[in-house]
Amino acid sequence: MSTLTASRRGPAGPGRREERRRERLAEKQQQSGRRVPVWQLVLRYALLLAVFALMVGPFLWQLSTSLKGPAEDIYSYPPKLLPGDPTLDNYAKVADLIPVWDFALNSLKVAAANVLTNCVGASLAGYALARMRFRGRKAALVVFVMAMLVPVESIIIAQFMTMRELQLNNTLVGVLLPACIGAMNVLLMRNAFSNLPYEVEEAAYVDGANAWQRFHRIALPSVKGTLAVVAIFAFMGAWDDFLWPLIVLSDQSNFTLTIGLNYLHGTFADNQRLVAAGTIIAVLPLIVMFACLQRFFFRGVGEGAVKG
Amino acid sequence: MTAMTKGSGNGPVGKTGPAAAPPAEPTAKAAPSSLSSPSAPDPKRRGRAVRTHLPSSPWLFLAPGLLVVGGFSLYPFVSTVLNSFTDKRTLIDGQWVGGANYQELIHDEMFWIGLRNSALYVLGVVPLLVILPLLLALLVQRHLPGITFFRSAFYTPVVASVVVVGLIWVWLLDDRGLVNSVLGAVGLGTVPFLSDQWLLLLSAMMVTVWKGLGYYMIIYLAALTNVPRELHEACAVDGAGAVRRFFTVTVPAVRSTMVLVGALSSVSAFKVFSEVYLMAGDGGGPGGADTTLVMLVQRVGTGLSGRVGYASAISVVVFVITLGLMLLVLRANRKEDS
């Protein structure tokens, strides 16, 4: 069958491709011919810049505020985006007032652990759901789907009680546990494994590889893309989370960054420079990460939306 | 190769019995394409015929996931429902009180304020989050030089924590902040964004929209690539302007995505907590007038004197309404389909 299609396509191939390329070229010329109206292009870029100012401007203003020294008026009009005498004093001061670096370290610990548990747990479960046949597979799938439908906000009090019973309230483990293997991630991994061709694993089975070897030597390396998506969203989810750590943490020494910022805001609300410095510390790592890995961020949105 | 696997797959079907055999599926003969589909019946049969793993392996693979999801998602859900019928407190085991918590809800003014604010949030945020990201996606859809930069820039607020975003806007909307100093210069005076009950709720909504724009923009971008260009061109040839084409070509083509965005955004809008909490403070604004339902859950149910039973009853209401919202949106979609 494959030879048939090949022979059919064979002779016609290059000619057709040539034709298509010419078509596309013509289309492009036509497009640019039609769309070149300069005013439209100018309008488009003007709009883009306006939206850019709206979406990124607030971050830049915060950055600017955090760099302004005590001598500079941050309430001045007209507002000055560029600090007259930029200084890092506010960052040092914020670290004096609250242990902001400890908070960052706590956040990092939780986020890193969350990445690890989600990647391992979700790919293991996803592989079993996608590639193994056993009694109860459907039931296991239903469990994950149902868990995905329960909004975290509506079970948060019960989760808090569970943590109290486990004596894990006010610990970082308590912050980590409830989300450490997301049902949605399990389903994402299951999808990724299901889309792999069977043949390679079959060949490995014939060669005597057991389930574990087939999983981590053959299947897992083929779904790195989805795994990266899971990892990134696990990191971001843990780093940005607010409601759950707010409920479970009570002792300042265990605060994560978001809770620390909330505390900073509540205690030193009138010192905008300090709050600004704190927020920049919290947001910068994620912006850097996003700049390096945006492909996966966007892919994650697509996959998540289809599932959720 | 294809023929070989095919044969070995077809053979044992009889053994698995008629119950497992799906309705006759001649299309499965197109082996290569059916292999890539997760629900293809063919590979399933093959797997069952030749057991390729120990009977316990799947459960070992599933154990961590099932444990976490069961222990921290499904079990808390069941215990939330059960607790809602008791007068349990953080430090005191409760008694069964039947529907008393729910009866109390009906007479609790704070509950109605929370319900109103959460509902208003859905009404205010969802239409904007369905329409604005679509327009934004159209703006960044065409491959102009530098467009990837703009796309990423518009996504930045999604990446930032809601706490960061909230605090940035608290500073911008401060009585002496940037927005008010500009408004003051224009002669509009100081607008009490963060102290007036309604303006505060409105400001929080704007922050939610601002933070969500980029996320839904990416969803729409994926949907827009499926809109056939020929349709646009045919319409343009027929003399339809950009606005007309938007309503006759783009909107019908992305309608199912709009429903999806509507469902996602309405569920998350109803559960709003952080934006309002940060901008209004844990008291929920002047006299608690900006409290949302989830804020109420957090305030009532936590701490050493937390009323777990009562907070659970509010949680159940939150759950039922979010589920209802989701069903409502999906049903609206189905009705339009038929």
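**Close-up views of a predicted two-chain model**

**View 1. Where chain B meets chain A.** In this predicted model, 75 residues of chain B are in contact with 80 residues of chain A. On the side of chain B that touches chain A, the largest share comes from helix 5 (residues 57–83) of chain B, which supplies 18 residues.

View 2. An automatic or database assignment divides chain B into domain 1 (57–98) and domain 2 (103–337). How many residues does each domain bring to the contact? Domain 1 of chain B gives 11 residues and domain 2 of chain B gives 11 residues. On the domain 1 side, the residues that touch domain 2 of chain B are 2 nonpolar, 6 polar and 3 charged.

**View 3. The largest nonpolar core.** Take a look inside, and you will find a core of 164 residues, the largest nonpolar one in the model. The residues with the most contacts inside this core are Val230(A), Leu167(B), Met217(B), Tyr220(B), Val297(B) and Ile314(B). Helix 11 (residues 197–224) of chain B gives the most to the core, with 15 residues.

**View 4. An annotated span of chain A.** An unreviewed UniProt entry lists residues 104–292 of chain A as "domain: ABC transmembrane type-1". This span is 76% helix and 0% strand, and its end C-alpha atoms lie 20 Å apart.

View 5. Most residues other than glycine have a negative phi. Which loop holds Gln167(A)? Gln167(A) is found between helix 6 (156–165) and helix 7 (172–176) of chain A, and its phi is positive, about 60°, although the residue is not a glycine. Gln167(A) counts as exposed because it has 9 C-beta neighbours inside 10 Å, and the cut-off for exposed is 12 or fewer. Asn170(A) is found in the loop between helix 6 and helix 7 of chain A as well. Its phi is near 65°, again positive in a residue other than glycine. With 15 C-beta neighbours inside 10 Å, Asn170(A) counts as partly exposed.

Key: Residues are numbered from 1 along each chain as its sequence is written. Chains are lettered from A and ligands numbered from 1 in the order in which they are written. This is a predicted model: local features need pLDDT of at least 70, side-chain atom pairs count only at pLDDT 80 or more; totals for chains, interfaces and linings use all residues. Two residues are in contact if their C-beta atoms, placed from the backbone, lie within 7 Å. Helices (H or I, at least four residues) and strands (E, at least two) are DSSP runs, numbered from the N terminus. UniProt positions are given in the numbering used here, feature names are shortened, and annotations may be inferred rather than shown by experiment. A nonpolar core is a set of buried Ala, Val, Leu, Ile, Met, Phe, Trp, Tyr and Cys residues joined through C-beta atoms within 7 Å. A residue is buried if 20 or more other C-beta atoms lie within 10 Å of its own, exposed if 12 or fewer, and partly exposed in between; C-beta atoms are placed from the backbone. Ala, Val, Leu, Ile, Met, Phe, Trp, Tyr, Cys and Pro count as nonpolar, Asp, Glu, Lys and Arg as charged, and the others, Gly among them, as polar.
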